[in-house]
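Subject: Structure handover

Hello,

I am passing on the structure below. Please open it before you read my notes.

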Amino acid sequence: MVFAHKFSPEINSEYNEINPCLTEDGFTLFFSSDNLKSMGGYDIFYSTYDKYNHKWRNISNIGQPGNSSGNETDFRLLNSNLAAVYCSDRPDMGYGEKDIYWLYFKNQINVDYSNLTEIPFIHNMELKQTDIKQTDSTLATDKSDSNNKNPISPSETNNYDNSIFKNNESINELFIPGIFFVDDEFMNNDSLIIFLNKLAIYLKSNPNVNIEIVGNALNFENENDDIYNSVKMAQRVADSLQIRMIKPDRIMVKGYGNNFPLAKKDSPERSKNIVLKLNNRIDIYLHNYDASSNIKKEDIYVLNTIFDSKHDLYESIIDGLSYKVKFKDSYFLVIDNLLNNFNDSGIEYDPEKKIFTYTVGIYKKYSNAKELFSKLLSMNYQDAKIIPYINGVQVSNKDLIFYAKKYNDIINYLEENKIE
């Protein structure tokens, strides 16, 4: 005896609906259909459940580039809710008849984790009992995997991840290589993917560790794009970690353009290629890792004739207590002319809140940050604010009181901002 219930007519049609995939909270359903709204054969559609009116909303086509003039089927959402895998026989990109593709969402699929105890539309429906005759004993066991018709389900993905943890012998060891890019393409992309896989395993094995991804960029043709490009490339690394199920609240993204280079921009012409390589890079910093972890970074050799000390100076300033002055927050990445007026400006991105923060100045003393803060107020930057950092990480006012025992200069910040 089993229970069966047909989905509403907003989902089912006189055509074929196949390969359903439900989000964990039961509020969003993805599936393939060859209905009249399809762009080709089978397209991927989705519908959301209206828990107040107890019904599914009209279906929507996910559109291009996810769908094509071919058939898109076997959609499976990853646990990060930022990406999915699916099959397609699209004629423009494939290697054979059917291929497996990634689908990446600009905005994370919303999942209400407070509703994971039971699927809402099942809770609100009156199920009818249907008698199914078991003519084959295999009906009692799920045999779908034996035919390889279904891609990995979310639960199978978790099992796969666990198997990686069991087989990996060095989850407390990590080697961080140099990460370089040209224009908007990463160099040694295959090696980078291997590193990101290992990095994700390490972060999952050490849930208290957070990661800071810092982009640096140099474009001789258009200097105004440097900060923009640096934060965008750092974002791409952050996105890759989120696809690997690293939560966004553990990731910090920063872009400094060419403000803290490893190699001098005015180096001899014959050194231009190496200068470009060294200054178009991603720096990785890990925070809160245990002393037992063996973390090593690749040594990047720079000739004395082209070496620029600004990057070393930056790392010495952010060591311990430092201050920056925020002058703007934005949900969109735009270039503000004020960034070009400072040699220590930057853009920070919060993957969890999806907010860009624009900063200028990096100081060891609160008095220096206050001086710049007052200057920005006189320039009508009324949203200006001094932000304290410990080892490059923003610190809440509550934690600042704790750090004041170690860094006496914090007391000046606490007193002037009336924080108790």
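The notes below go from the whole chain to its sheets, helices and cores.

This is a predicted model, in which local features need pLDDT of at least 70 and side-chain atom pairs count only at pLDDT 80 or more, while totals for chains, interfaces and linings use all residues. Residues are numbered from 1 along each chain as its sequence is written, and side-chain values use heavy atoms, with hydrogens and water left out.

Whole chain

The chain has 9 helices and 22 strands. Helices (H or I, at least four residues) and strands (E, at least two) are DSSP runs, numbered from the N terminus. Of the 420 residues in the chain, 43% are buried. Buried means under 20% relative accessible area, exposed over 50%, and partly exposed in between, with a 1.4 Å probe and protein chains only. Taking contacts (heavy atoms within 4.5 Å) between residues at least 6 apart in sequence, 65% join residues at least 24 apart.

An open sheet of 10 strands runs in the order 13-12-16-14-15-19-20-18-21-22, with mixed pairing. Two strands pair if DSSP finds at least two bridges between them. The edges are strand 13 (185-186) and strand 22 (393-394), each of which pairs on one side only.

Strand 12 (residues 179-182) pairs with strand 16 (residues 281-287) in the antiparallel sense, over 2 bridges. Phe180 has Arg281 of strand 16 as its bridge partner.

Towards the other end of the order, strand 18 and strand 21 are antiparallel, with 6 bridges, and Lys324 stands opposite Ile387 in strand 21. Strand 21 (residues 385-390) has 5 of its 6 residues buried. Strand 21 is also joined to strand 22 by 2 bridges, again antiparallel, and the bridge partner of Ile390 in strand 22 is Val393. These two strands form a hairpin with 2 residues between them, where Asn391 takes a positive phi near 55°.

Helices against this sheet

Helix 3 (residues 189-205) lies across strand 12, strand 13, strand 14 (210-216) and strand 16, at about 10° to strand 16. Helix 5 (residues 272-279) lies across strand 12, strand 14 and strand 16, at about 30° to strand 16. For these angles, axes are lines fitted to C-alpha atoms, for helices over the stretch in contact, and angles run from 0 to 180 degrees between N-to-C directions.

Which residues of helix 5 are buried? They are Val275, Leu278 and Asn279. These residues cover an arc of only 90° around the axis, which puts them on the same side of helix 5; the arc is that of the directions from the helix axis to the C-beta atoms. Their cover includes strand 12, strand 14 and strand 16.

In helix 6 (residues 310-318), the buried residues are His311, Tyr314, Ile317 and Ile318. Seen down the axis, they fall within an arc of 125°, so they line one face of helix 6. Strand 14, strand 16, strand 18 (321-330) and strand 20 (355-363) are included in what covers them. Gly320 follows helix 6 and has a positive phi, near 85°.

The loop between helix 3 and strand 14 contains Asn206. Asn206 is buried, at a relative accessible area of 12%, and touches Ile171, Asn172, Arg250 and Ser293, leaving aside residues up to four places away in sequence.

Strand 8 (residues 83-88) is joined to strand 9 by 6 bridges, with Ala83 opposite Tyr104.

Cores

A nonpolar core is a set of buried Ala, Val, Leu, Ile, Met, Phe, Trp, Tyr and Cys residues joined through side-chain atoms within 4.5 Å. The largest has 56 residues, and Ile213, Ile282 and Leu286 have the most contacts inside it. Apart from it lies another core of 11 residues, among them Cys21, Phe30, Ile44 and Phe105. Leaving aside residues up to four places away in sequence, Ile282 touches Ile179, Phe181, Phe186, Ile213, Val214, Gly215, Met233, Ala234 and Val237.

Regards
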